[in-house]
Amino acid sequence: MSEIIRRDPRAEWIARNRLHPLHAALQSQNQTVWIGPNGIVRKNPHAIAAGFIGPAGIKRIDRSGAQQGTGTRRSASVEVQLPLHVVEQPAYYVAVVPDMVGGRLSSHDKDLLGLARRLAGSEGAVLAVVFGEHKESAFDSAGVDRLLLLDGEQYQGYAPEQRVLALRAVDNQFAPRHWLLPDSRTGGGELGRRLAASLGERPATRVWQAEGERCVGRAGAGQQDIQRPLARLILAAAECAEPVSETRHEARPVELAWQVARNLPRIEDLGPVAVDPAQIPMAEAEFILSGGNGVKDWELFHRAASALGATEGASRVAVDDGHMPRSRQVGATGTWVTARVYLAVGISGAIQHLQGIGACDKVVAVNLDPGCDMIKRADLSVIGDSSAILQALIERVAAWRQEGRRDAA
Amino acid sequence: MTDLNIVALVSIGAHPASGRARRAEQDARAVELGLRLAGKRLRVLHAGNPREEALRSYLGMGLDELAVLEQPAGADALPALADYLADAGAQLVLTGSQAETGEGSGMLPFLLAERLGWPLVVGLAEVEKVEDGSAQVLQALPRGQRRRLRVRLPFVASVDSAAPGARQSAFGPARRGRIEAHEVAVVEDPLLAASPLQPARPRPKRLKVIKAKTGAERMKAATAKAAGGTGQVLKDVSPQAGAEAIFKLLLDEGVLR
């Protein structure tokens, strides 16, 4: 909905014209002027003085009654449909293997697709290769022309060698002009280097700029740059290009012509290992339970942290009062955290604390004060007593764990 | 401690501030992991200049000798290392994940594994046990997580900053240790000759681009406050209902395990 107020002169004209057949329909419910039973014009001065909101968004009072009938605001719907970019017969492909952390395109993946889109130009097509299940629904606006989904239990878990086999099959079938992978620790860096070793290509790594036939990447420990010809296989750093924003793409599904051979895995995945959340450095913990001045029962807080499997954090007040060690302080003078989920209990949200959680994805607040700054930042806030809510949360998680055990048995 | 035959590959690092030669951070961690696993039997291998002083700081970690495949700067280390390792009878080759000098592409462990035909484990954090020709290891994942893998011997493993920190280097052992140079054939690397290294340019900061069609939209984008305030607020609910809502969010985000 646009905020711009649109006048409808025709509706206004009908409202003024008592003889028009649609006149009655356009009369507002609380009429201000009408003709009484004896033919005398009656006015409701209160309704007139209440006024209406004029075209500029300012309240106007019109005692002549001329502006009636414009009470229903019409506003043009602004469903912006980006132009669709269709590549019917691609001259060549640019293959991208996004990381898909959590099943969605990360910002790094979108930057990479933006770079791929630039390399593909108008003739080529961007081919995205996605392993396993995904939750992404915006492949079209991210710039994917062709989408190859490789799903199957052989790609589940940690199976880099099987994935490289699949990518080699893609290489055989589509012969992409460029391969683009994110140079990240979440899988892309490893997969790309394995693919490079397997294809015998020399990759350009940590590329942060690619223009024309040259690309620039970091070298050594990040103190040097290396400028070289654009390689066939590019491992690009985050923010290597602007993401696609002005076009829509087809994301047309394609399939591999042949079944990928299954190799005997030399590396067997035995599953994730339970890590003591207290041992994880707070700056890189995924899930933090943080307590502040509103926490009265610290014993309960520690129990909640261990029940949830969360790393503990604290606001400055809690640290100053001696409830938590200094190393657990979150905020400008403590640790800047990057958690995906940050559960703040009894923290009102001083600006220094909010700076420290700037990189967090989802913030949940539990607080007594509905007007505090933390609640403005939070994605979900619960107003209430922290002790009762923590207690209920512990019980709920315990019940869920119990259920899971019964299902497994 | 196991009776594995372990070789650690080391390189010369550069101090991040001064740029002076030092032991490379990740390679020192690889040596540390090797020392914990094999003790004095750990063999350490370097390809480069045997007269480099920084090599002695690896000896100072408690090694008696260090083998060096003598090469000029800028030569390709891979063929020499692969030839040496093929005859060395190693069961586990430990490397850092990225060099601190030169191109630093991090490709060496991958190419070495490809050439030797061995499996490769990235981000090795701990070797738990070795039995029946396979090793059970812990792999470090981002955000402090760990994954357990079983991998067939022999294998190559790269070590990143999640591995145990390297011990201090002692001066006396560093002086006493022997550096043994081997003659190898030199293969030039064509890339570094064609594209020289330059001091890193600071990366341009990403600008916030506002794509507005009308003046009103531009004004709105310029004056709008940071997005937020769209969160759901639960007021006057029982603690159980509040806890249920939080629990649902945690479950959807997949942080409960």
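**Notebook: chains A and B, sheet and interface**

I note here that the model is predicted.

Next I took the whole contact between the chains. I recorded 65 residues of chain A in contact with 63 residues of chain B. On the side of chain A that touches chain B, S16(A) supplies the largest share, with 7 residues. I sorted that side of chain A by residue class and got 32 nonpolar, 13 polar and 20 charged.

I also checked a helix pair across the two chains. Helix H6 of chain A (residues 188-199) packs with helix H4 of chain B (residues 108-116). Their axes are 9 Å apart, and the angle is about 40 degrees. H6(A) and H4(B) are therefore oblique to each other, since roughly parallel would need an angle under 35 degrees. I logged their crossing as right-handed. From H6(A), the contact is made by A:Arg193, A:Arg194, A:Ala197 and A:Ser198. From H4(B), B:Phe110, B:Leu111 and B:Glu114 take part. By class, I have 3 nonpolar, 1 polar and 3 charged residues in this contact.

I turned to the sheet in chain B. Which order do its strands have? I read S7-S11-S6-S1-S4-S5-S12, an open sheet of 7 strands with parallel pairing. I looked at the edges, where S7 (120-121) and S12 (178-183) of chain B stand. Each of these has a single partner strand, so one side of each is left without a neighbour in the sheet.

S7(B) runs parallel to strand S11 of chain B (residues 155-159), and 2 bridges join them. In this pairing B:Leu120 stands opposite B:Val156 in S11(B).

Last, I listed two helices of chain B that pack on the sheet. Helix H1 (residues 25-38) touches strands S1 (6-10), S4 (43-48), S6 (92-96) and S11 of chain B. The direction of H1(B) makes about 165 degrees with that of S1(B). Helix H3 (residues 77-88) of chain B touches S1, S4, S5 (65-70) and S6 of chain B. For H3(B), I noted about 155 degrees between its direction and that of S4(B).

Notes. Residues are numbered from 1 along each chain as its sequence is written. Chains are lettered from A and ligands numbered from 1 in the order in which they are written. This is a predicted model: local features need pLDDT of at least 70, side-chain atom pairs count only at pLDDT 80 or more; totals for chains, interfaces and linings use all residues. Two strands pair if DSSP finds at least two bridges between them. Helices (H or I, at least four residues) and strands (E, at least two) are DSSP runs, numbered from the N terminus. Two residues are in contact if their C-beta atoms, placed from the backbone, lie within 7 Å. Axes are lines fitted to C-alpha atoms, for helices over the stretch in contact, and angles run from 0 to 180 degrees between N-to-C directions. Angles under 35 degrees count as roughly parallel, over 145 as roughly antiparallel, 65 to 115 as roughly perpendicular and the rest as oblique. A crossing is left-handed if the near helix is turned anticlockwise from the far one by less than a right angle, and right-handed if clockwise. Ala, Val, Leu, Ile, Met, Phe, Trp, Tyr, Cys and Pro count as nonpolar, Asp, Glu, Lys and Arg as charged, and the others, Gly among them, as polar.
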